[in-house]
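Here is a short report for a reader meeting this structure for the first time. Take a look at the chain before reading on.

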Amino acid sequence: MHAMRQKTRQLADDAPPALLPGRPRAAIYIVDEERQIVLYANPEMHRLDSRLAEIGPHAFEAQFVREPAAGCVSGVLRHTVTGRWYRLQEESIPWGRRRHVKLKVLDDVTEQKNARMLREQRRESAHQASRLSTLAEIASTLAHEINQPLTVITTYTEACQRLLQASKIDHAEIIAVLAKCHTQAVRASSIIERLREFISQRRHQPAPWPVAALVAEALDVGRPLLEAAQISVDSQQVADDLVVIGDRILLVQLLVNLIRNAIDAMRSTPENERRLTIAATPEAGEIQISVADRGCGLPTPDVEALFTPFYTTKGEGLGLGLAICRSVAESHNGRLWASGNAEGGATFFLAIPVEAVAA
């Protein structure tokens, strides 16, 4: 038994220090849980609490509270006196004839915990800022988007009135026109619902989302503008099996903003050449989504200027769209950039890590 204890003591004392400079070594102790006595404690454990042998393991461990939702034998604990955080790992080990002996390791993770909390706070701040800024951008375009289906509804109702006033009423045609009218009313309602959903969302809500579904939703939102501008869309290069972890509302809004920019860029392009191409490919641990147009190209050689808040080439624009898009990308630990196309037009690239906000 003495040799076993010596070996355990040597292994514990030789435990490698943390990789980060200044980070404490792990505190290690061995407990007979049946008798509630400490069989061994390394120097770091004695530095953590020199009274361990006197008070016993039960009183020592009572000083810690488990992190909410840990719910497992090994988890993250907070010391109620010092406020520091420790990762506890424990495992049953053989110790002579004793049957209920556990090796326990307390690794100080306070710095990592604080760093993660700061990252989460920054991410939340970026989310709130981008959400409020996006509201300003949405407000400037909402009336235009709502006006389109309402204008179509007006046209269809006028057509119904003319059909009803005709000497010979064509019921089938009236039903078809009313169906189209209903479709436009649903579209107008969905625009308002998307805005309501965006406003009511309070926190960043990361979840796995198929890229194809995000692209399809963004195209659905932009459909009235695409149809009005007579722009053909190619989204066949988006594979169904690509998935990113992120906030659906924010990612869809980002793609909608890029689609709107592409539409505006093709205003002066001949109608038969107006084409929007959206593709998505896996690239070294991230998903890269591209939105390409055949428009007027980038308005400035300084591409980074496009992402500066309040930079705009539109008379009615606020200059917040691309700045918001980049903010959303960065809140997902992603990137957003643009480049001109050799054949004309521009392509905007969004790269989102596959595990963007899972940590």
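Two strands count as paired if DSSP finds at least two bridges between them. The model shown here is predicted.

**The chain as a whole**

The secondary structure comes to eight helices and 13 strands. The chain has 359 residues, and buried ones make up 42% of them. The accessible surface of the chain is about 19,700 Å². Carbon and sulfur atoms account for 55% of that surface.

Strand E4 covers residues 75–79 and strand E5 covers residues 85–92. Four bridges link the two, in the antiparallel sense. Arginine 78 stands opposite tryptophan 85 in E5.

How many of the residues of strand E11 are buried? Seven of the seven, residues 286–292, are buried, so the strand is largely enclosed by the rest of the structure. Here buried means under 20% relative accessible area. Both faces of E11 are covered. On one side lie Glu286, Gln288, Ser290 and Ala292. On the other lie Ile287, Ile289 and Val291.

E11 pairs with E10 and is also joined to E13.

| Strand pair | Sense | Bridges | Residues opposite each other |
|---|---|---|---|
| E4 and E5 | antiparallel | four bridges | Arginine 78 and tryptophan 85 |
| E10 and E11 | antiparallel | seven bridges | Proline 282 and isoleucine 287 |
| E11 and E13 | antiparallel | seven bridges | Valine 291 and phenylalanine 348 |

Strand E10 spans residues 275–283, and strand E13 spans residues 346–353. E10 and E11 form a hairpin, with two residues between them. Alanine 284 sits in the turn and has a positive phi of about 50 degrees.

Ile287 is buried and stands opposite proline 282. Val291 is buried too, and phenylalanine 348 in E13 stands opposite this valine.

Terms used: Residues numbered from 1 in each chain as written. Predicted model: local features only at pLDDT ≥ 70, side-chain atom pairs only at ≥ 80, totals over all residues. Heavy atoms only, no water. Buried < 20%, exposed > 50% of the residue type's maximum accessible area, 1.4 Å probe, protein only. Areas by Shrake-Rupley, 256 points an atom, 1.4 Å probe, with all protein chains shown as cover.
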